Amino acid sequence: MGLLPRLRGAGYQVRGVRFVDREGRTSGGFPVDGFERLTHGRFTSLRRSDLAAALYEALDGQVETLFGDSIATLEDVGDRVRVGFTHAAPREADLVIGADGLHSRVRHLAFGPEAAFEVRLGYHVAAFEVEGYRPRDELVYVSHGVPGRQVSRFAMRGDRTLFLFVFRDEYLPAGSVASLPERRAALARVFGGAGWECPRILALMAEADELYFDRVSQIRMNRWTAGRTALVGDAAACVSLMAGEGTGLAMAEAYVLAGELGDGADHRAALARYEARLQPFLARKQASAARFASSFAPKSALGLGFRNVVTRLLRIPRVAEYFIGRDLRDDITIPHYGL
Ligand SMILES: Cc1cc2nc3c(=O)[nH]c(=O)nc-3n(C[C@H](O)[C@H](O)[C@H](O)COP(=O)(O)OP(=O)(O)OC[C@H]3O[C@@H](n4cnc5c(N)ncnc54)[C@H](O)[C@@H]3O)c2cc1C
């Protein structure tokens, strides 16, 4: 799609990860040049919204888009699908592709409730951004962990800083976390005594325009297609943030789906090939992300110490290759469809 130059421009070439203790002293970490090597330089970090903007602009008005609406009903009548919307008038479609993320409505309508496919990895995640935070550590992902909880900050352009919180479910206070005030209160409870810059960061939470807050889950399904409806990305096979590559996988799935559909001659065979090509690969990615999740926010101080030692060893290329190489390398060949 000719997107790479723009994505590289919007992205951040992160140089390293630094773990700090309660007083802000370095306790572990690693440079990411190992990632660069293992991915042959095809590694960048960018905001999801920058990717969405780049994709949208590449459509160049050639595809109709409806904003502020949602699919509300689906009825597969064999030779087409009748689609009802929350606001817009109903339409008929040849195919419906659900690319609506972890909590996909299309999946719910075509395959059933989320609970049947969701595998919880035992964590919650929250994130928000503020302007003007100090200190800034350019291109370094600074992270502080206490047992079962981890908070990180990353300095972005426009003097903005992203904060990311990950914590084990057992730290989530009892009661509802459905509303924004409840979510803020929960985060303040979970990270209130965690030391480092936490008191200041938590005090800034109220300034943030948005607070992302969700459980960390995967979506595991035997089928991604049903009749004339197909799922891609997190809707079909969310690997979770623990995989660190859900975006690339979602893009690859969309590419294969489009490539297999080709001229649309036989959608049944095309959808079957789409699943056959990618499902075993995604299942392996999910298994490796679930393995990694168990060590993401170690439960004890001893576990944290061990994790910090391991991350220091990642400076050694052979160790990096052993611990992360096999998970980063994609043992799959995607056809060149000439799209
Ligand atoms: C905190 C966090 C950090 C992550 N870090 C990374 C990372 O470093 N690298 C990486 O590769 N991946 C990362 N991921 C995973 C990555 O964000 C996802 O895998 C990726 O965004 C999946 O893309 P998607 O298009 O399938 O779904 P999404 O990006 O979730 O997009 C779904 C879209 O559908 C829209 N939508 C949802 N419901 C409806 C509806 N009913 N009607 C209409 N529209 C709807 C949503 O608004 C959204 O725009 C991270 C995820 C999280 C939560």
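## Strands and the sheet

Two strands are said to pair if DSSP finds at least two bridges between them. Helices (H or I, at least four residues) and strands (E, at least two) are DSSP runs, numbered from the N terminus. This is a predicted model: local features need pLDDT of at least 70, side-chain atom pairs count only at pLDDT 80 or more, and totals for chains, interfaces and linings use all residues. Residue numbers start from 1 along each chain as its sequence is written.

Gly16 stands opposite Pro31 in β2, and strand β1 (residues 16–20) pairs with β2 in the antiparallel sense over five bridges. Both belong to an open sheet of seven strands with mixed pairing, in the order β2-β1-β8-β9-β10-β7-β11. At the edges stand β2 (26–31) and β11 (212–219), each with a single partner strand, so one side of each is left without a neighbour in the sheet.

## Two domains

Where does the chain divide? Domain 1 covers 66–117 + 220–299 and domain 2 covers 123–214, with bounds from an automatic or database domain assignment. Their centres, taken over C-alpha atoms, are 30 Å apart.

## Around the ligand

Now for the ligand: 18 residues surround it, and the closest are Ser70, Gly101, Gly233, Gly246 and Thr247. Here, a residue is near a molecule if its C-beta atom, placed from the backbone, lies within 6 Å of it. Two or more residues of this shell come from each of β7 (118–131), α7 (234–237) and α8 (246–261). Which element gives the most? That is α8, with four residues.
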